[in-house]
Amino acid sequence: MDPIKLVKGFKDLLPEESAKWWFVELRARKFFKNFGFSEIRPPIMERTELFQRGIGEGTDVVEKEMYTFTDRSGENLTLRPEATAGVIRAYIENGLFTREAVSKLYTIGPMFRRERPQKGRFRQFHQINAEVFGVAAPIIDAEIIIMVNEFLRDVGLESLSLEINSLGCSECRPSFKQELIAFLEAKKETLCPDCQRRIGINPLRVLDCKVRTCQEATVQAPLVTSFLCTGCHAHFDELQKYINRFGITYSINPKMVRGLDYYTKTAFEITTTHLGAQNAVCGGGRYDELVKQLGGPDVPGIGFAIGFERLVSLLPMSNLYDNSPTLFVAPLGATAHEKTFALLNSLRLSGLSCVSEYNANVSLKTMLKRADRSGARLVIIVGEDELLKEEITIKDMQTGKQKSFLLSDWGKIIATAKQGEL
Ligand SMILES: [Zn+2]
Ligand SMILES: [Zn+2]
């Protein structure tokens, strides 16, 4: 029979990679907790309407990329293409805003978009998302920017660059939008087909189009920062004051607009030139009107997303995410197998990561080869000789040293194993 194949655009995460993922996840959880965040896990499937309302009709995501289907009872459902809408839905539905004035939430998990397959891009991709609800003051914008920037450095990313911008609010953005549309209409012929279409739907996005002719055409485009109302201006200034106070470097990029429509005021992006090319690893911004738009209270919000695949692919090699066991237990022969069964599991229960050989008829040479491949530094050898003397031998694969221990000397065995070397 032919084996069934993986769905196109999807990817298996194999053990050698998942160790790195775990490392990043654990660090994120610890880091975010220090900043007062707790985890929320909304389901990955929501009503299609939520994304239509939350992300906006007319966006590529909603129009072309969502995995949407009708289930057996006729409901229109979608696999989440991003996390914020679902988190807000849960925040509203569970009344989190009635319990606390400020909610700081993060979530880690898969998102789904049916994009054109490209190298390194998958239709199921993963993000680390964090959202804060209930703080209008720019001090929180600065706090989460600092948090994510330092988190990325903490896991090992180098050459980070932080760009910030303000996208204005419902009061000042319309006049900017109007001016921008007029400017773009005049240059329409020189824009790429996507951007020609965007003028009517989401003109801001033309500003961060990667096509060269579009970039040239928008060099002289009006800048959102010169249209900011007094409130937005003050917010942007304060934000910079706080970032400066902490002392991380950044630049203002008035053309950075972020993909989604719902952002207000602060927008930011962190890129890295680690490994040569410039890569965005994190993007985020404020969305003061989105909670209300989704039927909730009038509560301001701000958040960011880190692309997991991208981040992991940029991390340097490190033994920090070495997933090797501490011990390999090598019993030689049937009696040794029986005798070491309890020992092996007791070692595990005392907190040591141990693997073993299941075949009783394997030679010492083969076993040591397997032990070496497992990555364990210490091997516990239990042979016929050892059994007669009620002993075991511990071998350090790195130094080649060997030492015998009485089986009854359990405390010494554990201590040596925990030390990880002879
Ligand atoms: Zn404004
Ligand atoms: Zn374009």
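Modeller: Let us begin with strand 14, residues 378-382, where five of the five residues are buried, so the strand is largely enclosed by the rest of the structure. Please keep in mind throughout that this is a predicted model.

Biologist: Which residues lie on each side of strand 14, and are they buried or exposed?

Modeller: On one side are Leu 378, Ile 380 and Val 382, and on the other Val 379 and Ile 381; all of these are buried, and both faces of strand 14 are therefore covered, given that a residue counts as buried when 20 or more other C-beta atoms lie within 10 Å of its own.

Biologist: Which strands are joined to strand 14 by bridges, and do they run parallel or antiparallel?

Modeller: Strand 12, residues 327-331, runs parallel to strand 14 and is joined to it by five bridges, with Leu 327 having Leu 378 as its bridge partner. Strand 15, residues 391-396, runs antiparallel to strand 14 and is joined to it by four bridges, and here Ile 380 stands opposite Ile 394.

Biologist: Which residues of helix 7 are buried, and where do they fall when one looks down its axis?

Modeller: The buried residues are Arg 173, Phe 176, Leu 180 and Leu 184. Seen down the axis of helix 7, they fall within an arc of 65°, so they line one face of the helix. The face turned away from this buried side carries Pro 174, Ala 182 and Ala 186, which are exposed, while helix 8, residues 193-201, is included in what covers the buried residues of helix 7.

Biologist: And the chain as a whole: how many helices and strands does it have, and how spread out is it?

Modeller: The chain has 16 helices and 16 strands. Its radius of gyration is 28 Å, well over the 22 Å that the globule rule gives for 422 residues, so the chain is more spread out than a compact globule. Its C-alpha atoms fill a box of roughly 90 × 60 × 45 Å along the principal axes.

Biologist: Into which domains is the chain divided, and how far apart are their C-alpha centres?

Modeller: The division is into domain 1, 15-172 + 228-314, and domain 2, 324-419, and the C-alpha centres of these two domains lie 48 Å apart.

Methods. Residues are numbered from 1 along each chain as its sequence is written. Chains are lettered from A and ligands numbered from 1 in the order in which they are written. This is a predicted model: local features need pLDDT of at least 70, side-chain atom pairs count only at pLDDT 80 or more; totals for chains, interfaces and linings use all residues. A residue is buried if 20 or more other C-beta atoms lie within 10 Å of its own, exposed if 12 or fewer, and partly exposed in between; C-beta atoms are placed from the backbone. Helices (H or I, at least four residues) and strands (E, at least two) are DSSP runs, numbered from the N terminus. Two strands pair if DSSP finds at least two bridges between them. Domain bounds come from an automatic or database domain assignment. The radius of gyration is taken over C-alpha atoms; the globule rule is 2.2 Å times the number of residues to the power 0.38. The arc is that of the directions from the helix axis to the C-beta atoms. Two residues are in contact if their C-beta atoms, placed from the backbone, lie within 7 Å.
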